[in-house]
Amino acid sequence: MQPQAYKFDFDFIVIGSGFGGSVSAHRLTEKGYRVAVIEMGRRWRPETLPRTSWSLHRWLWRPKLGLRGFFSMRLFRHATIFHGCAVGGGSITYASTLLTPPDGVWNSGSWAGLANWKSEMPQHYETASRMLGVSENTILGPADHLLQRAAEAAGCGHTFYRTRIGIFQPVRGEPGGKTFPDPFFGGDGLPRTTCIACGGCIMGCRYGAKNTLDLNYLYLAEKHGARVLPESKVTDVRPLNAVGDGSDGYEVLAVKSTTWFPRPRRRFTCRGVVFAASSLGTMELLFHLRENGSLPAISASLGQHVRTNSESLIGARIPVCRKDLSQGVAIGSGIYIDQHTHIEAVRYPKGSDTMGLLATILTDGRPGARRIILWLKNVVGSLFRRPFTTLRLFRPWGWAQETVILLCMQALDGEIEMRWQRPWFWPLRKFLVSRGGKVPTYIPQANEFAKKFAAVAGGTAMSMLPEILFDVPGTAHCIGGCVIADSSSQGVVDCQHRVFGYKNMYICDGSVVAANLGVNPSLTITALAERAMSFIPPVAGASWG
Ligand SMILES: Cc1cc2nc3c(=O)[nH]c(=O)nc-3n(C[C@H](O)[C@H](O)[C@H](O)COP(=O)(O)OP(=O)(O)OC[C@H]3O[C@@H](n4cnc5c(N)ncnc54)[C@H](O)[C@@H]3O)c2cc1C
Ligand code: SF4
């Protein structure tokens, strides 16, 4: 038989290999399409992941500075945004907490009323949970027990729960570290090793126990024919043959992302494109493509309704604790201190102490100069009263073993906007810049809880230095910017994730989320991508027009 001559290099090109991208790649391959996944980050194996966060070049992603890791921090006026950058997207660095948001999220934001979300979504959450291997955490570490005790002291002990996580856990009572044949996909997947509770999920799992996307969705997509191109950054997407709505297909240009010197761009053609470069990545790319004239019809709503889950990072350092607080899984448990405020106990693995450089003594008060003065007063006062204890608090070594980070998230709505502008300090090119009202860095009830936690544990309540000095909160949960809406005047995609103004173009990542979830977003991004892909027919029934 003659090999089929294809007019296009691929049927679909997926840009980014995180949650939305991996689901898209797997489901499209399963439907018979020829799929390529273009990913800016590197491919990681358990043995190539860094041992601790001091191995900066293998942890942080800033390739122009020679840092070729998988964790990126982007500074904006309104938030410092943390995100992953790797084959498998944010799953390589994420804490694997996979929670379903409350039903109320479907009634707010621009997606409200566009579909029967409450009856449609449960089946997609179920599929996403099965594929990501979600189960209740059976491994409570010392940090989780402390959270429970502090919650009881604060009168909210009844809200304590074990997180639901995407980790291959050992059977209760058995030690971790044992390898079993594929436990998730009826033999189609990889052999897997059980979790040893080292607390290292955020630094990448070096034991193969975390259910990262390269071990599930993306693995299956590649096994069934998808081609993954790592270390390749997409720089342009243009309709072919100058047919403005893309109904003739697209050309996609990519450059090598990990070299210092520019290399020739690679060109691929395809019939359809799925943007899945994360909320920040997709916004950045679409702003650039609208501006350079490649995709001029992208909605003017691009960059609006960006949400940060209203987060604040606080915690407690407990140098006197005889237990190693880094043990357990990265986020093992959570509590609700009130109807809107959710707190999770987070940890880094032993030796990964670099984040300790950003930790300081907790300081209350409204943001601004008065809070900085109060903070200085607290630090100086503490140095006078307890010089050795205070110096020990600021010592980075041992930070991970002595610290519980409290990740506070609020389900109350609050949003910012991203624009594509020349910043005053660098007029040579445009960047994403944030605009809008301030995102609160001070959540009084969360600070009160941190103090209670510290008192129960015999330690000192801590918060993040940038939150106090610059009044900028940190978040690992940036969502929105290309939200689902009924028209291009309200959002960038319709309720089937089709980009307004273009044919066969989709967005499947955190950027489409149109409400503040109040819980970690990856399960919702996965479930939404499952739903979006369910509308695309198998290749035999595809009508590209
Ligand atoms: C430290 C940390 C811990 C977290 N823990 C949790 C948790 O426990 N639970 C949870 O639900 N969420 C967690 N998150 C958040 C979670 O990682 C993200 O919400 C999720 O990964 C977003 O999925 P996505 O599909 O939108 O994109 P991502 O998973 O971010 O993937 C996007 C991919 O696109 C690539 N890309 C970007 N631009 C381009 C381009 N131009 N060309 C090619 N490729 C490109 C990026 O390199 C990236 O790999 C955590 C995040 C961090 C940083
Ligand atoms: S706790 Fe350790 S072994 Fe378990 S999933 Fe996380 S990194 Fe892997």
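How many salt bridges does a search of the whole structure find?

## Overview

The search finds 23 salt bridges, each defined as a side-chain nitrogen of Lys or Arg within 4 Å of a carboxyl oxygen of Asp or Glu. This is a predicted model, in which local features need pLDDT of at least 70, side-chain atom pairs count only at pLDDT 80 or more, and totals for chains, interfaces and linings use all residues. Residues are numbered from 1 along each chain as its sequence is written, and side-chain values use heavy atoms, with hydrogens and water left out.

Arginine 34 and aspartate 11 form a salt bridge with an N to O distance of 3.6 Å. Arginine 34 lies in the loop between helix H1 (19-30) and strand S2 (35-38), and aspartate 11 in strand S1 (residues 10-15), so the pair ties together parts that are 23 residues apart in sequence. Helices (H or I, at least four residues) and strands (E, at least two) are DSSP runs, numbered from the N terminus.

In another salt bridge, the closest N and O atoms of glutamate 530 and arginine 27 are 2.8 Å apart. Because glutamate 530 belongs to helix H12 (residues 522-534) and arginine 27 to helix H1, this pair ties together parts 503 residues apart in sequence. Glutamate 530 is buried at 6% relative accessibility, and arginine 27 is buried at 12%; buried means under 20% relative accessible area, exposed over 50%, and partly exposed in between (1.4 Å probe, protein chains only).

## A salt-bridge network

Asp236, Arg238, Glu251 and Arg267 are joined in a network of salt bridges.

Conventions: Chains are lettered from A and ligands numbered from 1 in the order in which they are written.
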